[in-house]
Amino acid sequence: MTVKKIWQSSGTQSSRAQSNPAQFSGAQQSGSAGHRRGTASGPGRVLVAVYGIFAVSASARAGYQIAGDFQSAPVPYLMSAFAAALYVVATIALARTGPVMRAVAWGAVLVELVGVVVVGALSVTWPDLFPVASVWSHFGAGYGYVPLVLPLLGMLWLWYDGKHR
Amino acid sequence: MWSAGVGVGTVRWARGCGGVYTAWVELMLQILTYAVFGSAVVTGLGAVVDFVRNSRPDWVALIGAAVTEVLVVIAVVVAMVLFFTGQSNATAVMAWGYSLCAVALLPVAFVWAVGEPTRWANLVLIVAVSGVAGLVGRIQELW
């Protein structure tokens, strides 16, 4: 019987812990019940990896742009820096556990979704505002729309993980 | 230290050899880029198989990641030789940034994947090899 099946068949966490403590602690140690160990396990592990890559690449890009020629396009450059900071916060918050980090992760992915939608829409309707491409321009088309999909996956995962906590 | 010595020696050698050898080094970078792509695809497919079979990454994944990493390191060394011999359009920040990220990505991601005892570790590996292939592709493009 897999750990997942044990978990599904035995109801709530507390009742199972009482009814079969040995099995419960074994499951905890083997760690095969992905979502039970917080947002950085199971599918969340992959999410953190993607967020981490975006955090590094967006930070590097923003740093390079701002250090290079900030004056030529301050608005998109500052927004790139803001997006990079959000990715860093989301990566750290998703990689850690606890209610505070969960709330921070929720905040980061929500702001990120609003950001990519608003900036994406503005870059299409009012291109003059964003003369240079940023992570969120055209809904993240330059990055294979990953910036648009990522906060949605993040929300889905936070919701799922919160429900099965 | 040893590798640094070899690197400096290679740079001096390439400088002394002139344009003919620059073309060679550029061709090497191109071939290495395709080698990284190939290795990344094979490693990624292995990870897909492990994911479908609901198993953790096995020794095949470790070897695949190791081979990819070795190829990435060689590609980055070749790219840096081009950079130090002035045969590159990249700025110093760009050159170092891309090189360090490309070399560091796979080991960091592998450690992160090993910490996950389920099938999902395979997807972390897929993300990592895709990322590193993209980085090396960018290096080849930008240089």
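This is a predicted model: local features need pLDDT of at least 70, side-chain atom pairs count only at pLDDT 80 or more; totals for chains, interfaces and linings use all residues.

Entry 1. Between chain B and chain A I get three residue pairs in polar contact, both residues at pLDDT 80 or more. Next I looked for salt bridges across the interface of chain B and chain A, and the count is zero.

Entry 2. Which elements of chain B touch chain A? Those giving two or more residues are α4 (92-114) and α5 (120-142). α4(B) gives the most, with six residues. I sorted the chain B side by class: eleven nonpolar, three polar and one charged.

Entry 3. Then I checked the extent of the contact. Chain A puts in 18 residues and chain B 15. About 1,300 Å² is buried between the two chains, and carbon and sulfur atoms give 74% of that. In chain B, the residues that lose the most area to chain A are B:Trp112, B:Trp120 and B:Val127, together 43% of what that side buries.

Entry 4. I moved on to helix packing inside chain B. The axes of α3 (residues 59-84) and α4(B) come within 10 Å, crossing at roughly 170°. That angle is over 145 degrees, so I noted α3(B) and α4(B) as roughly antiparallel to each other. On the α3(B) side the contact includes B:Val72, B:Val76, B:Met80 and B:Phe83, while α4(B) brings B:Trp96, B:Val103, B:Leu106 and B:Phe110, among others. By class, I have 17 nonpolar, two polar and one charged residues in this contact of α3(B) with α4(B).

Conventions
Residues are numbered from 1 along each chain as its sequence is written. Chains are lettered from A and ligands numbered from 1 in the order in which they are written. Side-chain values use heavy atoms; hydrogens and water are left out. Contact means heavy atoms within 4.5 Å. Buried area is the accessible area (1.4 Å probe) that two parts lose on being put together, summed over both. A salt bridge is a side-chain nitrogen of Lys or Arg within 4 Å of a carboxyl oxygen of Asp or Glu. A polar contact is a pair of N or O atoms within 3.5 Å; within protein, one must be able to donate a hydrogen and the other to accept it, and residues adjacent in sequence count only if both atoms are side-chain atoms. Helices (H or I, at least four residues) and strands (E, at least two) are DSSP runs, numbered from the N terminus. Ala, Val, Leu, Ile, Met, Phe, Trp, Tyr, Cys and Pro count as nonpolar, Asp, Glu, Lys and Arg as charged, and the others, Gly among them, as polar. Axes are lines fitted to C-alpha atoms, for helices over the stretch in contact, and angles run from 0 to 180 degrees between N-to-C directions. Angles under 35 degrees count as roughly parallel, over 145 as roughly antiparallel, 65 to 115 as roughly perpendicular and the rest as oblique.
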